[in-house]
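Please keep the sequence and the structure in view while reading.

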Amino acid sequence: MRTEVCIIGGGPSGLLIGQLLHRAGIATTIIERQSREHVLGRIRAGVLENGTCNMLEEAGVGDRLAREGFEHEGAFIAAAGRKFRIDFKHYTKKNVTVYGQTELTADLYCARDSAGLNTIHNVEGVILHEVTSDTTYVTFVKDGYEQRIECDFIIGCDGFHGVSRPTIPTGVRKEFEQVYPFGWLGILSETPPVSEELIYANHERGFALCSMRNEKLSRYYVQTSLNDKVEHWSDKRFWEELKRRLPEEPADILVTGPSIEKSIAPLRSFICEPMQWGKLFLVGDAAHIVPPTGAKGLNLAVSDVHYLSKALISFYKGEEKYMINNYSAKALERVWKASRFSWWMTTTLHHFPDYGDFGQRMQEAEIAYLEGSRAAQAVLAENYVGLPY
Ligand code: FAS
Ligand code: PHB
């Protein structure tokens, strides 16, 4: 088969760029390793930047988000038994929106179905061929039969463990990585959120985060050690630990209940340069990973989509090739800045076993300075709502 743009990966990146290219009259085929149910069963990001909401609106999938998303004008930082609010709206005139990645992915699948676009699930053995030539193509196996897609361009939206990034030769790509000495244990519970806005809590026992999906569905996280396992954490143990890491007020009103999802995710910062090679472009987690402390992972994928969709649309209109040739440089500018913010939130709010007393005091001083400085709060706010594209 032949298409103009072959997209590897049917997660939020692949679906969103597929939708934007379709609306510009560009043909795409998405090939996805998992079933649609598997993709839609992932519980991941929860906070959308202002720019992400605008991009979903531009893609024609903003209606349910506008109806069901929760606008948040601020968030709390908790430490040393107290909490203080960062007023995003006051410093940036913008807010963020709480709307689960699962919902966003479902909206995008629905739009793709309505447009009758080609999405092939449960593929295996995806291989990218002749990526630096004008005859690039992708092969894969579906139901035991090898298939081939001829295309003009390939977009690698296949996440951190995908096949696209490794297609760029090791001599060409440079990878930057920081693995953090802890993970996040996250649970979803059908309980009312403990707070109307998110609480990011620093504690000597470890970081905790109180988030939500709606007024009846809460999302909580606690920092865990690297060798921790989900089976070590009963619901009872989780709730007791979460309460110990929160200030008295939220801890006393926390409504607990059975977890309906429980998982541990490792934390790393990772960036691959360049994000393009020949006819291959990397988007989202295929190119970079940020620790979720800054709520940037999904949002960075969307800004990559913004830059690349504009570049491809310009190319197919017969305009100059500058945008296509400059995609990686342009995307990486924002990727590094968002990575810095995610790293800063992570190193400021988590407990690092090897920090020692001095390191712990530096963290406390950083948070105390943030509490007392309008300038420091303005910096956090403008990064959290999302830097301009
Ligand atoms: P994705 O990983 O979402 O999608 C890649 C798709 O490619 C998948 O569907 C995969 O099945 C498919 N694929 C992989 N290899 C393939 C192959 N060889 N052939 C075909 N298809 C292939 N971000 C936040 O902002 N906040 C959070 O709280 C948060 N929590 C997270 C928790 C976990 C456990 C993980 C892994 C990530 C989390 N993230 C979070 C980040 C996450 O939201 C990503 O940034 C977001 O999913 C990026 O979307 P994609 O780039 O589409 O990658
Ligand atoms: C979430 O609701 O899943 C969430 C929110 C903010 C973060 C990370 C995760 O920084």
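Rings of Phe, Tyr and Trp, the last through its six-membered ring, count as a pair if their centres lie within 6.5 Å. By this rule, the count is 19 aromatic pairs. The model is a predicted one.

**A stacked pair**

- Trp184 and Phe207 are one aromatic pair, with 5.2 Å from centre to centre and 20° between the planes.
- Planes under 30 degrees apart count as stacked, and the pair of Trp184 and Phe207 is stacked.
- Trp184 belongs to strand β13 (residues 174-189), while Phe207 is in the loop between β14 (199-201) and β15 (208-214), so the pair ties together parts that are 23 residues apart in sequence.

**Burial of the two partners**

- Trp184 has a relative accessible area of 3%, and Phe207 has a relative accessibility of 0%.
- Buried means under 20% relative accessible area, so Trp184 is buried and Phe207 is buried as well.

**A tilted pair**

- Phe207 also pairs with Tyr200: the ring centres are 6.3 Å apart and the planes are at 45°, so this pair is tilted.
- Tyr200 is buried, and so is Phe207.

**The cluster**

- Trp184, Phe207 and Tyr200 belong to one aromatic cluster together with Phe88, Tyr221 and Tyr384.

**Charges over rings**

- Which ring face does Arg148 lie over? Arg148 lies over the face of Tyr137, at 3.6 Å from the ring centre.
- Arg237 lies over the face of Trp233, at 3.6 Å from the ring centre.

Note on methods
Residues numbered from 1 in each chain as written. Chains lettered and ligands numbered in written order. Predicted model: local features only at pLDDT ≥ 70, side-chain atom pairs only at ≥ 80, totals over all residues. Heavy atoms only, no water. Phe/Tyr/Trp six-rings, centres within 6.5 Å; stacked < 30°, edge-to-face > 60°. Helix = DSSP H or I, 4+ residues; strand = E, 2+ residues; numbered from the N terminus. Buried < 20%, exposed > 50% of the residue type's maximum accessible area, 1.4 Å probe, protein only. Lys NZ or Arg CZ within 6 Å of the ring centre and 35° of its normal.
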